[in-house]
Amino acid sequence: MTTRRVRLLAPFALATALLVTSCSSTDGDASPAASSATSSSPAATSPEPAPAEAEESAAAALDPTAVTSPDEAALASAMRVADLPEGWDVQSNPVEDGDLSDNPSFEGLCETSFPSEARRTAKFPVVAVDETGSPQLTSESISYDGADAAAQALAELRTAFAGCESADRTFVTPPSSEGLTADSVVVQYQLSTGTPQVIVAQARGTVVSVVIGDDPDATLSAARSIAARMAQLPAAVIGA
């Protein structure tokens, strides 16, 4: 199947996805929000690369109850078609050679440092696209070297958002965290253009899942579906 590829999650791209007007940096490729504006052009359409197809297939086939390592647990928690509205699809964006040294998840968000970044061991970026191939949600499933590091990442994220008010965005009451993991962060804000954006981050053991989207219902629905899968991860494997 031919799908539209989205330039996603190169350095700083997840941080700019979280706040598309960018609190701190414009380095790296275009944010998913910017990419969605260009991905409908013929030049942005290309067959899905084999590594992405392989990662999607591996994630979709992985039974969360049968994982044997934290990295495998993160892959089992990556966003998949079953988490999405009918007719939507996923596009994986594998990290080249698994090297995270120049591929941050949160670092620089709201001009905040995330020491937990150094303790990531793997991550699995996935975009959800609708029936037209337009990106609607972006996500990462991240593995850390300890449950304390995953909890630290969410604590750092709360600190970042606490100091991220701006004339370009207005934070509003977020949706309910019901159905998410016990340790979760849900943030919603409205851009000056009137566009809403919802960020859901949740942790269980060594695994952190982040889902970002403009549609609160679709974003929360995907996050809750992922949470149900995270709940099935063996506690002994993820240090929960």
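Select aspartate 97 to begin; its place is in the loop between S3 and S4. Helices and strands here are DSSP runs, numbered from the N terminus, with helices (H or I) of at least four residues and strands (E) of at least two. The model is predicted: local features need pLDDT of at least 70, side-chain atom pairs count only at pLDDT 80 or more, and totals for chains, interfaces and linings use all residues. Residues are numbered from 1 along each chain as its sequence is written, and side-chain values use heavy atoms, with hydrogens and water left out.

Aspartate 97 has a phi near 60°, a positive value in a residue other than glycine. Most residues other than glycine have a negative phi. At 75% relative accessibility, aspartate 97 counts as exposed. The terms are set by relative accessible area: buried is under 20%, exposed is over 50%, and partly exposed is in between (1.4 Å probe, protein chains only).

Now select glutamate 111, which is placed in the loop between S3 and S4. Phi of glutamate 111 is near 60°, a positive value in a residue that is not glycine. Glutamate 111 counts as exposed, at 64% relative accessibility.

Next, show the side chains of arginine 119, aspartate 145 and aspartate 148, which salt bridges with shared partners join into one network. A salt bridge is a side-chain nitrogen of Lys or Arg within 4 Å of a carboxyl oxygen of Asp or Glu. The closest N and O atoms of aspartate 145 and arginine 119 are 2.7 Å apart. Aspartate 145 is in the loop between strand S5 (135–144) and helix H5 (147–162), and arginine 119 is in the loop between strand S3 (89–92) and strand S4 (120–129), so this pair ties together parts that are 26 residues apart in sequence.

The salt bridge between aspartate 148 and arginine 119 has an N to O distance of 3.0 Å. Aspartate 148 lies in helix H5 and arginine 119 in the loop between S3 and S4, so the pair ties together parts 29 residues apart in sequence. Arginine 119 is partly exposed, with a relative accessible area of 25%. Aspartate 145 is partly exposed at 47%, and aspartate 148 is partly exposed at 49%.

Then select glutamate 117 and arginine 120. They form a salt bridge with the closest N and O atoms 3.8 Å apart, and both residues are buried. A search of the whole structure finds 6 salt bridges.

**Strand S4 and its neighbours**

Select S4. Of its 10 residues, 9 are buried, so S4 is largely enclosed by the rest of the structure. S3 and S4 pair in the antiparallel sense over 4 bridges; two strands pair if DSSP finds at least two bridges between them. To see this pairing, show aspartate 89, which stands opposite valine 129 in S4.

S4 and S5 pair in the antiparallel sense over 9 bridges. Show alanine 122 and its bridge partner in S5, serine 143. S4 and S5 form a hairpin with 5 residues between them, and glycine 133 in the turn has a positive phi of about 90°.

**An aromatic cluster**

Move to phenylalanine 161, phenylalanine 171 and tyrosine 189, which ring pairs link into a cluster. Rings of Phe, Tyr and Trp (its six-membered ring) pair if their centres lie within 6.5 Å; planes under 30 degrees apart count as stacked, over 60 as edge-to-face and the rest as tilted. The search of the whole structure finds 3 aromatic pairs. Among them, phenylalanine 161 and phenylalanine 171 are edge-to-face, 6.2 Å centre to centre with 70° between the planes. Phenylalanine 161 lies in helix H5 and phenylalanine 171 in strand S6 (residues 169–172), so the pair ties together parts 10 residues apart in sequence.

The rings of phenylalanine 171 and tyrosine 189 have centres 5.4 Å apart and planes at 55°, so this pair is tilted. Tyrosine 189 lies in strand S7 (residues 183–191) and phenylalanine 171 in strand S6, so the pair ties together parts 18 residues apart in sequence. Phenylalanine 161 counts as buried at 7% relative accessibility, and tyrosine 189 counts as buried at 0%.

**Helix H6**

Finish with aspartate 215. At the start of H6, a side-chain oxygen of aspartate 215 reaches to within 2.9 Å of the backbone nitrogen of aspartate 217. Among the buried residues of H6 are Leu220, Ile226 and Met230.

Notes: Polar contact = N/O pair within 3.5 Å; in protein donor to acceptor, adjacent residues only side chain to side chain.
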